[in-house]
Structures are given as structure tokens and as C-alpha cells.
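Good morning, and thank you for coming.

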Amino acid sequence: METLERIVLAHRFFAGFEAELGALVAGCARNLRFTPGQYLFHADEDVNQIYLIRHGVVALEIAPPGRAPVMFATEGEGDILGTSWLVPPYRWRFDARAVGLVRAIGLDAQCLRAKCEADHHLGYEMMKRFLPELSARLDQTRLQMLDVYGTAKP
Amino acid sequence: MKAAPLRPAPYRVRRIKRELHGVTTLELVPAQGAVPAFEPGQFNMLYAFGVGEAAISISGDPAQADCLTHTVREMGAISTALAQAHPGTMLGVRGPFGTAWPTRAAEGLDVVLIAGGLGLAPLRPAILRLLAARPLYGRLILLYGARSPNELLYRHELEHWRQRLDVDIHVTVDYADAGWHGNVGVVPRLIPRLGLDAQNTLAMVCGPEVMMRFCGAALHDAGVAMDRIHLSMERNMKCALGLCGHCQFGADFICKTGAVMRYDQVAQRLRLREI
């Protein structure tokens with residue numbers, strides 16, 4: 001567990017995290033490995049885990065009915081997947097596929113929610129890290145929606 | 001200034017290359033005389049006879065003295081006439097005009113080049129100059145964003161540059177299918193991941209204005225000084241001599257104080273809807 005704790009705290013997302021809280025988070029962690037093409041999860045599945053990506057690239061996809069999946073984002077080393085772990089009903093809204101070999105730390109979402117509920121200091125520290133991620137992704141999505149490279153005039 | 005700066009010189013289209021749907025690169029040679037020297041970032045006024053004149057950035061190698069190279073996207077009547085020119089077509093050329101990318105000021109520094117969509121064309125002369133004098137610069141990073149993998153400009157050249165070990169190239173697209181192995185997402189998102197030595201970094205950015213606005217902010221957030229961030233502005237240019245005022249951008253005429261301008265000069269104006 002000590003090794004996992006070190007790995008968790010070394011991830012960009014947990015930079016500067018208190019060691020004591022890091023030990024609590026690491027208690028919900030496990031090492032994961034995905035082969036190229038393997039899906040980390042599919043849309044509508046329960047959010048059982050948050051993924052701290054340590055190596056490789058994960059493609060986020062939405063598959064419109066009858067059409068090929070559309071890749072709308074990629075996440076790589078230092079990124080986190082699973083911002084909806086705190087949002088009921090805790091379901092994925094898209095698919096996530098390993099583009100190449102992916103190594104990640106999986107944080108058990110239920111375990112983490114319970115610890116955050118029991119220790120609001122941990123919960124607040126987690127919120128302080130997740131909210132900027134959510135905000136940044138919202139900004140990026142807005143920019144993506146503008147279709148800035150499109151040739152059509154407004 | 002030339003004796004007759006409003007009179008276009010006749011040039012012949014020597015070669016064309018269809019880059020993308022509606023995007024063509026033209027190689028132009030003068031009917032007489034030599035090709036004028038230009039600096040990366042400058043533009044020419046290209047005249048499609050009988051249709052009109054448009055400002056088009058020079059996209060060729062500044063070290064190649066025998067022709068002018070321009071990449072044109074079909075947007076309106078003039079650019080469509082230019083992009084649909086064929087070898088042998090005569091066009092009018094006035095220029096070069098405008099300010100240049102600070103390739104000399106960047107010597108000794110890390111350089112981040114950021115292009116969006118067709119914005120790679122005005123940056124290409126700077127990229128070629130930097131690569132030709134590679135030992136003069138520190139880290140060289142190219143970030144390029146496009147709508148989809150099918151809309152990447154100069155794709156073969158990007159692959160060629162990528163094979164060099166002395167330049168970091170990161171390409172990202174807004175959307176892709178499963179066959180794409182690169183990044184998906186907006187260009188500004190790549191900037192915090194670069195691990196820039198901000199005190200020793202100079203940036204050159206060219207693309208849609210909203211993209212440049214967000215890239216300028218992301219570079220500044222990463223610690224790059226505002227006066228070391230350079231953007232290529234675009235407005236409707238007519239005379240290109242600072243006389244007619246069509247390209248006015250606040251207190252500046254883009255044709256004279258641009259197209260390449262420092263971020264500290266334009267950052268506030270980028271947020272104004274009225275200009």
C-alpha cells in the first residue's frame with residue numbers, strides 16, 4: 001500500500017496533497033493496465049472507478065446510433081478520468097478506449113465517496129481538485145463547440 | 001515605398017497544389033524582374049484580374065528566392081478565383097507588406113509555434129527559417145490544431161518535420177474517428193502540459209482569432225511574458241498602405257502595425273466585440 005500511496009501522490013492531480021489524506025485515497029487505489037483497443041468503460045455503466053492515467057492515451061468516444069464512434073477528447077499521462085464520480089446516478093456518459101498500452105491507478109469511487117462523507121476535510125480537498133478539472137473541461141468544450149476552424153460564416 | 005505601390009506587378013502561376021478541399025497552394029513567378037525579398041509573417045495583395053484583390057499571407061520558404069508561395073482558401077469571390085487559378089494564369093501582386101514574425105529576436109530562446117487550421121500557412125515561413133538555423137534556438141515546439149484529421153494542412157511536411165528529433169510536434173483535432181492516434185481536444189489545453197521554461201520562451205500564434213485569444217491567455221498563465229507572445233491578426237485589408245482604414249483595429253491599421261502584433265498590444269482589444 002505504501003508504494004501505491006507514493007504513486008498516487010506523485011500523480012499531477014494530487015500534487016501538494018497532504019500525506020495523511022493521500023494515505024486515505026491510496027486505501028481505495030489499485031494498479032490497472034489496459035491493452036491497446038481495450039475499453040476502460042462504456043456509456044451507461046456505473047462509475048465504479050476514477051482513473052489516474054500514468055501512461056498512454058485514452059480516447060473518449062460517443063457512438064451515435066448507426067454511425068461510427070466519434071472521438072471527442074483524448075486523455076493522457078497526468079490526466080484524470082471520472083469527474084462524474086460525485087454526481088448521482090454515477091453513470092458514464094461516454095466510452096473510453098485505450099489507444100495504446102495504458103497504465104493507470106483506479107480509485108474505487110464508492111470507497112472514496114464513503115471516505116469523503118466521513119471526513120469532510122478530505123472531501124473538500126478532493127472537491128478543490130475536481131472543480132478546476134470540471135471548469136477547464138467546460139471551457140474546452142465551449143471552445144470546441146465554436147467550431148473555430150469551420151469555414152461557414154456565422 | 002515603391003514608386004507605384006497601388007499598381008500590381010504581373011505574376012504567372014507556375015505550379016498549383018490542391019492541399020485540401022477548397023484550399024490551394026500557388027507558386028507565382030514574376031513576368032519580369034526578381035521576386036522581392038520578404039520576411040516570414042508578411043503578406044501580399046493578390047489580384048485576380050477582373051474580380052478583385054485580397055491580402056494573402058506568404059507561406060513559402062524565405063530562403064527560396066525564385067518564386068512566391070501562397071496558400072489560399074476559397075471563402076469569397078476573390079479568394080475562390082485565386083484558389084482556382086491554374087498554371088499559366090496571370091495574377092497581380094503587390095507587396096510584401098506588414099510586420100514579420102520575430103525570428104531574430106527568438107534566437108537563443110525556446111520557441112513555441114501555435115497554428116490553428118489554415119493558420120499554419122503564415123507560420124510556415126517562420127518554421128522553415130527556424131529549422132534552417134536550428135542551432136540558434138532552444139527547444140522548438142509546434143502545436144497544430146485542426147477540425148479533423150482530414151483537414152490537416154501540409155500533412156506530408158508535418159510528417160517530415162516530425163521525423164526530425166529536434167522539434168516537438170503536437171497535433172490535435174476537434175473530432176476524429178477511431179483511426180486517429182493523435183490528440184483530440186482544443187489547442188490551448190496542450191500548453192500547460194509542455195513544461196515550458198517560461199522565462200526563456202517566445203511564442204508565435206496564428207489561427208482563428210478566438211483560438212489565439214485563448215492560446216495567448218494559456219501562454220500567459222504558463223508564465224510567458226505578454227511581450228514575447230506574438231499573434232498574426234487578420235482584418236479586411238484593401239490598400240495595404242495604411243491609407244484607406246479598412247483594416248482598422250482600434251488605434252492600429254493591421255496592414256501597417258500588423259499583421260504580426262505582440263499580445264500585450266492587442267490582448268484587451270481581443271475581448272472587445274465592437275472592433
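Predicted model: local features only at pLDDT ≥ 70, side-chain atom pairs only at ≥ 80, totals over all residues.

**The sheet of chain B**

In chain B, seven strands form an open sheet with mixed pairing, in the order β10-β9-β8-β7-β11-β12-β15. Strands here are DSSP runs of E with at least two residues, helices are runs of H or I with at least four residues, and both are numbered from the N terminus. Two strands are said to pair if DSSP finds at least two bridges between them. At the edges of the sheet lie β10 and β15 (260-262) of chain B, each of which pairs on one side only.

Residues are numbered from 1 along each chain as its sequence is written, chains are lettered from A and ligands numbered from 1 in the order in which they are written, and side-chain values use heavy atoms, with hydrogens and water left out.

Within the sheet, β11 (residues 201-206) and β12 (residues 229-232) of chain B pair in the parallel sense over three bridges. The bridge partner of B:A203 in β12(B) is B:I229.

I turn now to the interface. How many residues of chain B are in contact with chain A? There are 27, and they meet 22 residues of chain A, where contact means heavy atoms within 4.5 Å. The area buried between the two chains is about 2200 Å², with 57% given by carbon and sulfur atoms; buried area is the accessible area (1.4 Å probe) that two parts lose on being put together, summed over both.

The rule finds four salt bridges across this interface, a salt bridge being a side-chain nitrogen of Lys or Arg within 4 Å of a carboxyl oxygen of Asp or Glu. In one salt bridge, the side chains of B:R189 and A:D79 meet at 3.7 Å, N to O. On the side of chain B that touches chain A, the elements giving two or more residues are β8 (140-146), β10 (183-184) and α4 (209-221) of chain B. Of these, α4(B) gives the most, with three residues.

Finally, consider A:H42, in the loop between β2 (39-41) and β3 (49-55) of chain A. Leaving aside residues up to four places away in sequence, A:H42 touches A:W92, A:F94 and A:D95. The C-alpha atoms of A:H42 and A:D95 are separated by 4.2 Å, although these residues are 53 residues apart along the chain.
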